[in-house]
Amino acid sequence: MAEILIVDDEQDICEMLAYNIKKEGHTVEIANNANEAFKHVEKHRPDLILLDVMMPGIDGIEFCEQLKSKPENKNILVCFLTARNEDYSQIAGLEAGGDDYVAKPIRPKVLMSRISALLRRSSENKTSSSDSVQNNQLIINRERYLVEKNGTEIILPRKEFELLALLASRPNAVFKRDVILEKVWGSEIVVGDRTIDVHIRKLREKIGEEHISTVKGIGYKFVE
């Protein structure tokens with residue numbers, strides 16, 4: 001069972017979410033704004049955060065960016081709560097380091113399905129058959145979510161790390177876009193090619209252009 005933090009300024013939504021999550025046996029804590037959430041994370045470090053995008057003060061996108069900027073928070077899953085037609089918020093949330101999103105009004109069965117899928121994928125990633133991959137100048141440590149290049153640690157958000165680890169798991173093999181989406185984001189969430197391209201661009205900025213090659217019209221590969 002997991003510890004889940006709900007971050008939303010609407011009390012009735014928090015109570016509804018908490019009720020349904022507790023029924024599944026998970027532990028639940030509630031924060032009504034980003035400042036309360038940061039304090040809770042420092043003390044307890046939850047497994048998953050359900051995060052409202054629209055909050056007074058620091059909004060959900062900024063909160064996620066600040067959360068994921070700290071290496072000790074890399075393994076915390078983030079699922080955004082968005083208005084049904086907020087396409088921009090959904091894309092921005094994923095690019096900020098979020099793992100999934102659920103549209104409001106929230107249907108409890110859909111929410112619990114998403115939570116179960118996120119926790120399951122996280123567990124599968126942690127029990128990967130190989131704890132580290134070493135290619136040329138890079139060391140990719142799956143267990144610690146850590147990348148080193150020429151002895152220097154590089155901090156990557158969760159999705160960037162998972163994307164790099166996937167590509168590096170089979171050097172010089174071409175990963176199609178649909179395979180990348182399935183392996184990194186899962187079949188339960190719909191993201192576009194732009195999301196993949198943004199993550200690739202950010203990876204290249206951090207680890208160097210030479211490690212990831214574009215195969216036009218197909219996908220990407222890790223260059224050994």
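This briefing walks through a pair of helices, a set of paired strands and one glycine. Keep in mind as you read that the model is predicted. Helices α2 and α3 come within 11 Å of each other, axis to axis, strand β3 pairs with β4 and with β1, and Gly-97 sits in a loop.

**Two helices side by side**

- Let's start with helix α2, which covers residues 34–44, and helix α3, which covers residues 60–68.
- Their axes come within 11 Å and cross at roughly 25°.
- How are α2 and α3 oriented to each other? Angles under 35 degrees count as roughly parallel, and α2 and α3 are therefore roughly parallel to each other.
- The crossing of these two helices, α2 and α3, is right-handed.
- Which residues of α2 and α3 meet? From α2 come Ala-34, Ala-37, Phe-38 and Val-41, and they meet Phe-63, Gln-66 and Leu-67 of α3.
- Sorted by type, the residues of this contact between α2 and α3 are 6 nonpolar and 1 polar, with no charged ones.

**Strand β3 and its partners**

- Strand β3 is made of residues 48–52, and it runs parallel to β4, with 5 bridges joining the two.
- You can follow this pairing residue by residue: Ile-49 stands opposite Val-78 in β4, and Leu-50 stands opposite Cys-79 in β4.
- Strand β3 also pairs with β1 (residues 3–7), again in the parallel sense, over 4 bridges.
- Here Val-7 has Leu-51 in β3 as its bridge partner.

**Buried or exposed strands?**

- Why is β3 said to be largely enclosed by the rest of the structure? The reason is that 5 of the 5 residues of β3 are buried, where buried means under 20% relative accessible area.
- In a regular strand the side chains alternate between the two faces of the sheet.
- In β3, Leu-48, Leu-50 and Asp-52 point one way, while Ile-49 and Leu-51 point the other way, and all are buried.
- Strand β4, residues 77–83, is mostly covered too, with 6 of its 7 residues buried.

**A glycine in a loop**

- Where is Gly-97 placed? Look in the loop between α4 (87–95) and β5 (100–104).
- Gly-97 has 2% relative accessibility, so this residue counts as buried.
- Leaving aside residues up to four places away in sequence, Gly-97 touches Cys-64 and Lys-68.

Definitions and conventions. Residues are numbered from 1 along each chain as its sequence is written. This is a predicted model: local features need pLDDT of at least 70, side-chain atom pairs count only at pLDDT 80 or more; totals for chains, interfaces and linings use all residues. Side-chain values use heavy atoms; hydrogens and water are left out. Axes are lines fitted to C-alpha atoms, for helices over the stretch in contact, and angles run from 0 to 180 degrees between N-to-C directions. Angles under 35 degrees count as roughly parallel, over 145 as roughly antiparallel, 65 to 115 as roughly perpendicular and the rest as oblique. A crossing is left-handed if the near helix is turned anticlockwise from the far one by less than a right angle, and right-handed if clockwise. Contact means heavy atoms within 4.5 Å. Ala, Val, Leu, Ile, Met, Phe, Trp, Tyr, Cys and Pro count as nonpolar, Asp, Glu, Lys and Arg as charged, and the others, Gly among them, as polar. Buried means under 20% relative accessible area, exposed over 50%, partly exposed in between (1.4 Å probe, protein chains only). Two strands pair if DSSP finds at least two bridges between them.
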